[in-house]
Structures are given as structure tokens and as C-alpha cells.
Amino acid sequence: MNLGLAGRRAAVAAASSGLGFATAQALIAEGVKVAICGRDRDRLSLAAKRLGSEATPILADVGTPEGATAFVREAQDALGGVDILVTNAGGPPPGGFAGTPLDAYQSAIDLNLMSTVAMCKAAVPAMQERGWGRVVAITSITVRQPIPTLILSNTARAGATGFLKTLAMEVAGDGVTVNSLLPGFHATERLRTLRGGDWDKVANEIPAGKVGDPGDFGAFVAFLCSEQAGYVTGSAIPVDGGEYRGML
Ligand code: NAD
């Protein structure tokens, strides 16, 4: 299927590796010019090299609203505009209520909520003016089904989801769609950090019987950015091999 994305310009945050990198790869395969960001210069340039000449590396830390805004501004300058925004960041540290100090909440909120708000603030108004835009936020299955050991993620991403839903309604009439994808368990460094290397054990907990492939996840993001997906907005869609157990 031709997704109609050739020539579009995308900013994909936190894309040195993992789901962000796979998303950048999938968009480039559809003919999109992509700006990626990361915090480590060497890892970032290695990622850009792997992605090829359609990738523009931008050194930025989206863990602060200022860093997140700066990434989008630099992407707009480098690409001549941004039609597609993929918000993403690392995940906050694990922990439950008793072991998580108060100040950790603000850092998590900056990383997983305020970064999303800041990137949308920087990118969406120009999309509205042009009458076309796509925002895809990478959040987590914790939005639907909180994980007991991830209180920071559960808390911050709930706020991001409320923000995205409200934004979707406000800009839908301007040709801009806003959706989020909720990863379950995918084969990345994040999963390795949280669950160790025994992915067979993780796979046994998932109805699909396997850990998710980041490449498949990236392809799904590309589809949500397509012309064909233009009537899908305000959705928060699990990509989780059936891990979410609720009916709706
Ligand atoms: P990852 O940790 O494997 O990769 C994240 C990438 O972002 C790395 O390249 C890292 O260097 C970069 N990064 C981290 N913090 C950054 C920052 N402040 N500024 C710029 N770059 C930054 O994570 P992932 O598995 O690719 O997941 C992406 C997001 O999805 C994370 O928020 C994660 O918590 C969430 N998530 C992942 C899974 C999963 O199974 N992989 C499941 C649920 C949610």
C-alpha cells in the first residue's frame, strides 16, 4: 500500500535506538525526511548513519520542556517544516509508592508529559496553518493497565493521554490527527533494563506468546501517519500482543 507520505517531513524524538529508531526507519522507508534526536552525540550520529541520508541528527534532551521545544524548532529549521511529529522519550525509573520520592514525580512529568506538551506546542500550530499534520505519541500500555512497579510512568502518561485527547478534538477540523500508541513489551533496551534478558519469560505472559518487534511497531506508526489513516484521531491504541486484558 502506498501510504502517501513521500516528501513529508517528520521529527521523531528519542530515536537513537528502540521504538523511536524503528519509527524513523519506517518513515524513511516511506520517503519521509526525518529529524531524530538523542542526548549522546556518538550514539546519535551512529543512528543517523544507520538510517541514511534522509536522517538529520539533532542533539537534544527532551527531558525538559526547553529541550523538547528546541528539538522541534531545530527540526523545523533543518527540514523547512515538520508535517509529522512523533513524541517519545525514555521511560522513568521503576518503583512503587513507598520507594518513590516526591521529587521523582516532577522529573517523570517533565520527561513523559511536559515533553509531549512542549513538542506539540512547537509543531502543531504550523500544521494547522498548512491544513495537514500528524502527531503520534509513544506512551505505554500503563495508560490502560497500570503496572504496579511503574508508578511514575502510570502517573505521567495518564496526564499525557488527557492532553492528547483534548488536543485531538481541538485540531481535528484543521486536518491534524493526534493519536497515541501504547506499547506493551517490545524488544528494546528499556525492556532489557526493566525485565533483564530473559525475554522468553516475558513472552510467556503475553497472549501472542512473543515479545514485540520494534520494526512492526515503527510500521504501525507510519500507517497512522498515512493519508489512509486521516480519519483516525483521538485514539489511544495498544500495540501489545493482547497484553491489555480489558474489553474496551
Ligand atoms: P529505550 O529506552 O530502549 O530507548 C529510548 C531511546 O531514547 C534511547 O535511544 C535513549 O537514549 C533515548 N532517550 C532517552 N531519554 C531521552 C531524552 N530525555 N532525550 C532524548 N533522547 C532520550 O526505550 P524504548 O523501548 O524505545 O521505548 C520508548 C518509549 O516507550 C519509552 O518512554 C518507554 O518507556 C515506552 N515503552 C516502551 C515499552 C517497551 O516494551 N519497549 C513498553 C512500554 C512503554
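**Charges over rings and a ligand shell**

Arg-144 lies over the face of Tyr-244, 5.1 Å from the ring centre. Such a charge has NZ of Lys or CZ of Arg within 6 Å of the ring centre and within 35 degrees of the ring normal. The model is predicted: local features need pLDDT of at least 70, side-chain atom pairs count only at pLDDT 80 or more, and totals for chains, interfaces and linings use all residues. Residues are numbered from 1 along each chain as its sequence is written, and side-chain values use heavy atoms, without hydrogens and water.

**Rings**
- Arg-195 also sits over a ring face, that of Phe-185, at 5.7 Å from the ring centre.

**Ligand shell**

- Asp-61 places a side-chain N or O atom 2.7 Å from a ligand nitrogen.
- Ser-17 has a polar side-chain atom 2.8 Å from a ligand oxygen.
- Arg-157 likewise puts a polar side-chain atom 2.8 Å from an oxygen of the ligand.
- On its own the ligand has 820 Å² of accessible area, of which the protein covers 92% (Shrake-Rupley method, 1.4 Å probe).

**Salt bridges**
- The whole structure contains 7 salt bridges, each a side-chain nitrogen of Lys or Arg within 4 Å of a carboxyl oxygen of Asp or Glu.
- One of them joins Asp-83 and Arg-9, at 2.9 Å from N to O.
- This pair links distant parts of the chain, 74 residues apart.

Definitions and conventions: A polar contact is a pair of N or O atoms within 3.5 Å; within protein, one must be able to donate a hydrogen and the other to accept it, and residues adjacent in sequence count only if both atoms are side-chain atoms. Helices (H or I, at least four residues) and strands (E, at least two) are DSSP runs, numbered from the N terminus.
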